[in-house]
Amino acid sequence: MLTVTDLHAGYGLSEVLVGASLEVKPGTIVALIGANGAGKTTTMRAISGTLAPTRGQVRLAGSRVDGLGAARIARLGLAHAPEGRKVFGPLSTEDNLLLGAFRWLPHLFGFHRQARQALARVYDLFPRLAERRAQLAGTLSGGEQQMLAIGRALMARPKIMLLDEPSMGLAPVIVQEVFRTIRRLKAEGMTMLLVEQFASAALGVADHVYVMERGRVAVSGTPDELRRDPRVLAAYLG
Amino acid sequence: MLKRLVLVRGAEIALFVVLGALPLAVHSPYALALLTLLAIYGVVLIGLDVTVGYLGQVNLAQAAMLGLGAYLAGIAVTRYGVGIPLAIVLSGGFCTLVGALLALPALRLEGPQFALATLSFTALCATALNELEWLTNGAQGLQIPRPLLLGHEVDARAFFWLCTAILALVWLAMRNLLSSQWGRAFEALRDSPIATDAMGVGTYRHKVAGFAFGSGLGGAAGALYAFDLRYLQPQTFDYGLTVTLLLGVVLGGRKSLWGAVVGAALVALLPNLLSSPPLFRAFSGIAFALALVSGVRGLVRRKTDAFRALAPIAVTLTLVIGSFLASNIEDWRRAIFALLLFSVVVGLPEGLMGFASAGLARLFRVAPPDLPPPAALEQVLPARAPDGSVLLELAGLSRHFGDVRAVDGVDLTVKAGTIHGLIGPNGSGKSTLVNVVSGLYTPSGGQLRLRGAALRGGKPVAAARAGIARTFQNLQLFGGMTALDNVMVALRGAWRVPLPLVLLGLGRLEELRGQAAALALLELVSLRGEARTRAADLTYGAQRFLEIARALARRPDLLILDEPAAGLAQPDVQRLLEIIRRIHQRGITTVLIEHHMDVVSELCEIVTVLDGGKVIAEGSPAEIKRDAKVITAYLGAAEPDAPAPGAAPAPSAPAETP
C-alpha cells in the first residue's frame with residue numbers, strides 16, 4: 001500500500017531524516033517507535049507531503065507521490081491525523097468532519113450522499129462526537145478532539161491513515177478507547193501507520209514495527225520479535 | 001575573541017570612519033545634503049525598527065513622530081531661541097511622551113488594528129500641523145534659521161558630522177539595549193506573549209516602553225531634520241513618508257542596526273537615483289542581478305518555491321526594461337517604490353542585510369563570546385528545608401465559561417516541599433485550574449491564597465512575581481532564542497541596572513552574572529551543552545526540560561508542571577523523573593499534572609483527582625489507584641477485548657508492564 005525508500009527530509013539546515021525506508025502492507029497496522037527527535041513525526045510529515053522530502057521515494061499504491069504536495073496526496077487517498085490533533089477550533093464538530101469529506105463537494109441540494117454516509121459511519125464509531133456535533137471543536141476536551149481528528153481523517157474514506165501520537169496528553173481511560181477504535185478500524189480492513197510513545201500499546205496493535213534512531217530505521221520486525229530484542233526492550237519498553 | 005572584535009566591531013568602526021571622512025573627499029554641497037539626510041534617516045529607522053522589527057508590529061506613526069519633533073524644534077528655535085542640543089532633547093522627550101500615550105491604547109491591539117491606529121495618528125498629526133496656523137504657519141510652511149551649537153555657527157559640513165555622531169551614539173545605545181534583558185524581552189514577547197507574562201516580564205509594559213523609545217528617536221531625528229532642511233511643510237510628514245520609512249526598514253533588513261542604516265541610505269538616495277536615468281539603469285540592473293542570483297540559487301538548492309524565486313526576477317526585469325523605455329523616470333516614482341517593496345517582501349523577506357549576513361556568516365565563522373563558568377546551584381536556587389506549612393490554598397475556587405463550569409468549587413491544599421499530583425480525565429478542569437492559579441484566568445468565585453496572602457488572579461505577571469512559575473502543556477518556548485536566553489529572560493532578581501545605565505553599556509557585568517546563573521539551571525536539567533542551540537532546534541524532550549529550567553529561573557515557591565511527560569519516549573521519561581527529583585531535593589513545592597500514572601505514583605506523595613471540575617478523590621497514589629470512582633472516571637478497567645494472550649500487554653497500564 002505504502003512504500004517509502006531512502007527518505008530524506010529536514011527543516012532549514014538541519015536534516016532530520018537521513019534515509020528512512022519502510023513498507024505498509026494493505027490491511028495492516030505498522031507502528032513507528034523511537035526516542036524523541038528520532039524522526040518519527042518528520043517521517044509522517046514527509047510521507048503526507050506537509051513537509052517536502054529532499055530525497056527518496058514515497059509510493060502510494062504503486063505510484064510515486066513524493067513532492068506532490070499535501071493536498072494532492074490527500075486526494076490520492078492518504079489521510080493524516082497530525083500530532084497535537086490540529087482540529088479547526090472555531091468550527092463546529094460536524095463542520096470539522098464535513099471538511100474531511102473534501103472529495104465529495106456539496107451540491108445544490110445539500111451535502112453529497114457519500115459525505116453523509118461517511119458522517120454516519122464516523123458518528124457510529126464515535127457516539128461522543130454525535131452528541132457534540134454542534135459544539136465548537138476548540139471547546140472539546142482533549143480526548144474528544146483526538147476522536148475528531150481521527151474521524152476527520154476517516155471522512156475521506158482513505159486507503160491509508162497516518163496517526164501521529166493519538167494518545168498524547170490523554171487520560172488512561174481515553175487512551176484505551178482510542179486503541180479500541182484503532183483495533184476496530186483494523187478489523188474493518190483499514191491500513192494504518194502509527195507513531196506512538198506508548199511503545200507497549202503500539203506493539204499491542206501493530207502487525208509490524210519499525211524502531212527509528214537518528215533519522216533512519218534501526219530495527220524492525222514483528223512485535224514478538226522486538227519484545228525479545230533486549231536492546232529494544234531496555235531502550236523503549238522501559 | 002579577537003576575531004570577533006576585529007570583524008564585528010571593526011566593521012562598525014569602519015562604517016562610521018568612512019561616513020565621517022566622506023565630506024573631506026566629496027565637496028559637492030548636494031552630496032553633503034544627501035549624506036546628512038542619510039544619517040538622520042538612520043536614526044529614524046533605528047527607532048522604527050524597534051516596533052516593526054523587534055515588536056513585530058506594523059507601525060505607521062513614525063513619519064508623524066518625525067514631523068512632531070521637527071515642528072517642535074522649529075517652534076522652539078524661532079520663538080524662544082533655543083540651541084541645538086536643547087532642541088534635540090526637547091523633541092526627543094516630547095515624542096517619547098506622545099509615543100507612550102499613543103501606545104497605551106494602541107498596543108492593546110494587534111496586527112492590522114494596530115497598524116490602523118497608528119495610521120490614523122499620522123492623519124491626525126498631518127491635519128493638526130496644517131490647521132494650527134498660529135503655531136505652525138500652516139500650509140505656508142515654517143522657515144527656521146539654523147541655530148547655534150554651544151555659541152558657534154554650524155556650517156553644512158559640521159552639521160553633517162553632528163548628525164553622524166548622533167547616529168553613532170544611537171547605534172551604540174541601541175546595541176547596548178538589545179544585548180541586555182530588554183532586547184531579550186523584546187524577542188521573547190514576539191515568540192510567546194503568554195510565556196513572557198508567565199515569566200514575570202510583562203509583555204504590555206515592554207511593548208509600550210519599546211514603542212515610546214522608538215518614537216523618541218523619531219522625534220530627536222525630527223529636530224535634526226528641521227535644522228537640516230530649514231523649511232518645514234505639514235504635507236511632508238504624510239502617508240508618502242510613512243511608506244518610504246517602512247520601505248527603508250523592510251528593504252534594509254529588520255532587527256538589524258546595519259539594516260536600518262542600509263535602508264536609510266537607500267531611502268535617502270533612491271529619489272535622487274530616479275532623477276538620473278543612467279544611474280537608475282545601473283541600480284535596477286544590480287537589483288535584477290541580485291534577484292537572479294538569489295532566486296536561481298534558492299531554486300537549485302530547493303530552498304525556495306518557484307513563486308518566491310521568480311516573482312522578484314520578473315519585477316526587477318520590469319524595472320530594467322522600464323528604465324530604458326520611460327523618458328522621465330521620476331513620474332514613475334511611486335510605482336517603482338511599490339514594485340521594489342513587493343519584490344523585497346516576496347524575495348528577500350529578511351531584507352538586504354538579512355540576505356547579506358547569512359552569506360557573511362558562512363564566509364567568516366565568528367564564534368560567539370565565551371560563556372562564564374556556571375554559578376553554584378546553591379546561589380541560583382537556594383535549598384529550602386520543607387517546614388510542612390501550607391503553601392497554596394484554594395477554597396471553593398471556580399471558573400465558569402458561560403454555562404460550562406470548568407472548575408466548580410475546588411478546595412485544595414498544597415503543603416510546602418511536597419510533590420502534589422493532579423490528575424483527572426480530559427476536560428475535568430485541570431488545565432483551567434492551573435490557568436486560574438497562574439493568573440491567566442480570573443476566578444469566577446472562591447479564594448486563592450499563597451502563603452496565606454490572597455491572590456486576586458487574572459494577572460499572570462502578578463502571579464509570577466508572587467512566586468508561581470509554570471510550564472505549558474503545549475510548549476511555549478521562545479523558539480527563535482537560544483536555550484541560554486530562554487532561561488535568562490525568566491531570571492528573577494538578576495536585573496537591577498536602570499535603563500539609562502544600560503544604554504551607556506554598564507549592564508555587562510550583570511549580564512555575565514545572569515549567564516552564569518542560567519548555565520547552572522541548564523546544568524540542572526542536563527542541557528548545558530545545548531546552551532547556544534536555538535530552542536526551536538532542540539529535540540522535543542529537550543524542549544520540555546528547557547521549559548522546566550526556565551520556570552526554575554523564577555526561583556519559584558510553587559512550580560506547576562503541566563503534563564511534562566506528554567509525548568516523551570521512555571528514556572526521556574526517566575530523565576524527567578531524575579530532574580523532578582533534583583528539584584524536589586532543593587525543597588521546591590511542585591504541582592504535577594500528568595497522565596502517565598507511573599510517573600505520578602513514582603513521584604507524588606499526595607494526589608488529587610478532578611472530574612467535572614470537582615475534586616472526587618485525594619490521597620496517596622496507592623489509595624487513588626484503589627478508589628472505585630477514580631477507576632471508573634479515569635484509570636479504566638483492564639481491557640475486556642484485549643488481544644490474544646501473549647500478544648500484547650493491555651494498553652491500560654502502558655508503561656508499567658515491561
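How many bridges join strand 1 of chain A to strand 4 of chain A? Keep that question in mind as you open the model, which is predicted.

**Stop 1: the sheet in chain A**

Select residues 2–11 and 55–60 of chain A. These are strand 1 and strand 4, and five bridges join them. The two strands run antiparallel. For one pairing, pick Thr3(A): its bridge partner in strand 4 is Arg59(A).

Now widen the selection. The two strands belong to an open sheet of four strands in chain A, with the order 2-1-4-5 and antiparallel pairing. At the edges sit strand 2 (14–24) and strand 5 (63–64), each of which pairs on one side only.

**Stop 2: chain B as a whole**

Switch to chain B and show its C-alpha trace. Along its principal axes the trace spans about 90 × 60 × 55 Å. Chain B holds 27 helices and twelve strands. Of its 658 residues, 49% are buried. Count the contacts in chain B with a separation of 6 or more: 74% of them come from residues 24 or more positions apart.

**Stop 3: helix 15**

Select residues 333–347 of chain B. This is helix 15, with 15 residues. From first C-alpha to last, helix 15 reaches 21 Å, close to the 21 Å expected at 1.5 Å a residue.

Colour its buried residues: Ile336(B), Leu339(B), Leu340(B), Ser343(B), Val344(B) and Gly347(B). Look down the axis of helix 15. The buried residues fall within an arc of 130°, so they line one face of the helix. Residues three or four places apart point the same way, because an α-helix has 3.6 residues a turn.

What does that buried set pack against? Show helix 11 (239–252), helix 12 (257–274), helix 13 (277–300), helix 14 (306–325) and helix 16 (351–363) of chain B, and you have the partners.

**Stop 4: the largest nonpolar core**

Nonpolar side chains tend to be buried together in soluble globular proteins. The largest nonpolar core here has 278 residues. Select Leu194(A), Val487(B), Leu521(B), Leu522(B) and Ala549(B), the members that touch the most other members. Then show helix 2 (residues 29–54) of chain B, which gives the most to this core, with 14 residues.

Centre on Leu521(B). Leave aside its neighbours within four places in sequence. Its contacts are then Val380(B), Val487(B), Ala549(B), Leu552(B) and Ala553(B).

**Stop 5: Val489(B)**

Go to helix 20 (residues 483–490) of chain B and pick Val489(B). Is Val489(B) buried or exposed? Val489(B) counts as buried, because 25 C-beta neighbours lie inside 10 Å.

**Stop 6: two positive phi angles**

Select Arg230(B). Its phi is positive, about 60°, although it is not a glycine. Arg230(B) lies in the loop between helix 10 (203–229) and strand 2 (231–232) of chain B. With 13 other C-beta atoms within 10 Å, Arg230(B) is partly exposed.

Finish at Ser526(B). Ser526(B) has a positive phi of about 60° and is not a glycine. Find Ser526(B) in the loop between helix 22 (508–524) and helix 23 (540–552) of chain B. Ser526(B) is partly exposed, with 15 C-beta neighbours inside 10 Å.

Methods: Residues numbered from 1 in each chain as written. Chains lettered and ligands numbered in written order. Predicted model: local features only at pLDDT ≥ 70, side-chain atom pairs only at ≥ 80, totals over all residues. Expected span 1.5 Å × (residues − 1). Buried ≥ 20, exposed ≤ 12 C-beta atoms within 10 Å, placed from the backbone. Arc of directions from axis to C-beta. Contact = placed C-beta atoms within 7 Å. Core = buried A, V, L, I, M, F, W, Y, C linked by C-beta atoms within 7 Å. Pairing = 2+ DSSP bridges.
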